[in-house]
Amino acid sequence: MPLENLMRIHDPESLARGERAFSPEFAAMSQRVLHVTGLTSRLNVLPFDDEAGKAALLEQILGRPLPKRVTVYPPFYTDHGLRLELAERVFINQGCTFLDHAGIRLGEGVMVGPKVTFITMSHPVDPGDRRLYLTGAPIEVAQNAWIGAGATILPGVRIGRDAVVAAGAIVCDDVPDASLVTGPKATVHRRW
């Protein structure tokens, strides 16, 4: 795995001394996650029709106001917020999760069904590295794509313009423009 895609979880100097202290980057990310979790908890208990309250909390979560024609139905979950970019006319249904530390961009007119999960961070596959590093890659969803209910979009995926991701699909590879992808993709790729 290229080093630019790795984030060290623990500070190497503290590990050498037998201590477990977080690396500065991981500690900063953890602080942001705690802050945003508090904000999303408040967002998700507002009355559904409290548009001003939702807009104010989403502005704090995202670090900027939502575009005027973006719709977000709570409950809404994100772990970072500052790296979630929503273009005009994006629609996000209830119960969606955006783990956006490595960046998520939803293009104009994207529709996201309920309970969709976008994940930009993971861990290395190697058991020796799993507790030492995080890996990450951004997700991009191009204009007018539609993500069906319960789909999971994994790190580094690009979903093309006008594409459709069927309900429940697990997307680990790029989706071409104007295409439909369906189904789970769990297959054995290697063993150790």
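An open sheet of five strands, paired in parallel, has the order E3-E6-E9-E14-E17. Strands E3 (76-78) and E17 (170-171) are its edge strands, each pairing on one side only. Here two strands pair if DSSP finds at least two bridges between them, and strands (E, at least two residues) and helices (H or I, at least four) are DSSP runs numbered from the N terminus. The model is predicted: local features need pLDDT of at least 70, side-chain atom pairs count only at pLDDT 80 or more, and totals for chains, interfaces and linings use all residues. Residues are numbered from 1 along each chain as its sequence is written, and side-chain values use heavy atoms, with hydrogens and water left out.

Ile-153 has Val-171 of E17 as its bridge partner.

Helix H2 covers residues 24-43, 20 residues in total, and reaches 29 Å from its first C-alpha to its last. This is close to the 28 Å expected at 1.5 Å a residue, where the expected span is 1.5 Å times one less than the number of residues. The buried residues of H2 (under 20% relative accessible area; exposed is over 50% and partly exposed in between, with a 1.4 Å probe and protein chains only) are Phe-26, Met-29, Ser-30, Arg-32, Val-36, Leu-39, Thr-40 and Leu-43. These residues pack against strand E1 (6-8), helix H3 (51-62), E3 and strand E11 (133-136), contact meaning heavy atoms within 4.5 Å.

Aromatic contacts were examined next. Rings of Phe, Tyr and Trp (its six-membered ring) pair if their centres lie within 6.5 Å; planes under 30 degrees apart count as stacked, over 60 as edge-to-face and the rest as tilted. By this rule the count is five aromatic pairs. The ring centres of Tyr-73 and Phe-91 are 5.3 Å apart and the planes stand at 85°, so this pair is edge-to-face. Because Tyr-73 lies in the loop between strand E2 (71-72) and E3, and Phe-91 in strand E5 (residues 91-92), the pair ties together parts 18 residues apart in sequence. Phe-76 belongs to E3 and Phe-98 to strand E6 (residues 96-99), so parts 22 residues apart in sequence are tied together. Phe-76 and Phe-98 are both buried.

Phe-48, Tyr-73 and Phe-91 form one aromatic cluster. Lys-54 lies over the face of Phe-48, at 4.5 Å from the ring centre; this assignment requires NZ of Lys or CZ of Arg within 6 Å of the ring centre and within 35 degrees of the ring normal.

Six salt bridges were found in the whole structure, each a side-chain nitrogen of Lys or Arg within 4 Å of a carboxyl oxygen of Asp or Glu. One of them joins Arg-105 and Glu-85, with the closest N and O atoms 3.2 Å apart. This pair links strand E7 (residues 104-106), which holds Arg-105, to strand E4 (residues 84-86), which holds Glu-85, across 20 residues. Arg-105 is partly exposed at 32%, as is Glu-85 at 40%. Asp-177 and Arg-158 meet in another salt bridge, at 3.7 Å from N to O.
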